[in-house]
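Subject: Structure handover

Hello,

Here is the structure for you to look over. My notes come after it.

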Amino acid sequence: AVVSTQSTGMVMFTSQHGTCGFTATSSFGQPVLDSYVNRVAVRSLDPYRPHPRKRRRLNSAQILKLEQCYTEQAYLSTRDRYNLAKTLGLTETQVKIWFQNRRAKSKRAKGDQETSKKFN
């Protein structure tokens, strides 16, 4: 992939699949012609570039174990997260994100219950 900038502020992105262009401007309306634009364009503007990772779904046994651990404690220590991830065959990041999402879900559900009580 090749990224070229023109004096007009137009950035042209060329890959083996074709060419596309865009105008990069700063918040002041001035053209942005620096290497940052080039790096971003190479990473994110190639429409034919495959996504680096596929979403992996958790199986029901993993979800059940995560839910059980969540009912015991909503926050995991680093050691607990490591052990749980190893036990379930997941990465620590997957476990951390699952717990973050589960806490958000609980908070949202709690807010929905309080809202419904106000209107009843």
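The notes below cover one arginine and a group of aromatic residues.

First, the ground rules. This is a predicted model: local features need pLDDT of at least 70, side-chain atom pairs count only at pLDDT 80 or more, and totals for chains, interfaces and linings use all residues. Residues are numbered from 1 along each chain as its sequence is written, and side-chain values use heavy atoms, with hydrogens and water left out.

Arg102 sits in helix α4 (residues 92–119). Helices are DSSP runs of H or I, at least four residues, numbered from the N terminus. Arg102 is buried, at a relative accessible area of 19%. Buried means under 20% (1.4 Å probe, protein chains only). Leaving aside residues up to four places away in sequence, Arg102 touches Glu67 and Tyr70. Contact here is heavy atoms within 4.5 Å. The side chains of Arg102 and Glu67 also make a polar contact, at 3.1 Å. That term needs a pair of N or O atoms within 3.5 Å, one able to donate a hydrogen and the other to accept it; residues adjacent in sequence count only if both atoms are side-chain atoms.

Now the rings. Rings of Phe, Tyr and Trp (its six-membered ring) pair if their centres lie within 6.5 Å; planes under 30 degrees apart are stacked, over 60 edge-to-face, the rest tilted. The count is three aromatic pairs. Tyr70 and Phe99 form a tilted one: 6.0 Å centre to centre, 55 degrees between the planes. It links distant parts of the chain, with Tyr70 in helix α2 (residues 60–72) and Phe99 in helix α4, 29 residues apart. Both Tyr70 and Phe99 are buried. Trp98 and Phe99 pair edge-to-face, at 5.3 Å and 75 degrees. Trp98 is buried too. Tyr70, Trp98 and Phe99 make up one aromatic cluster.

Best wishes

Conventions. Helix = DSSP H or I, 4+ residues; strand = E, 2+ residues; numbered from the N terminus. Buried < 20%, exposed > 50% of the residue type's maximum accessible area, 1.4 Å probe, protein only.
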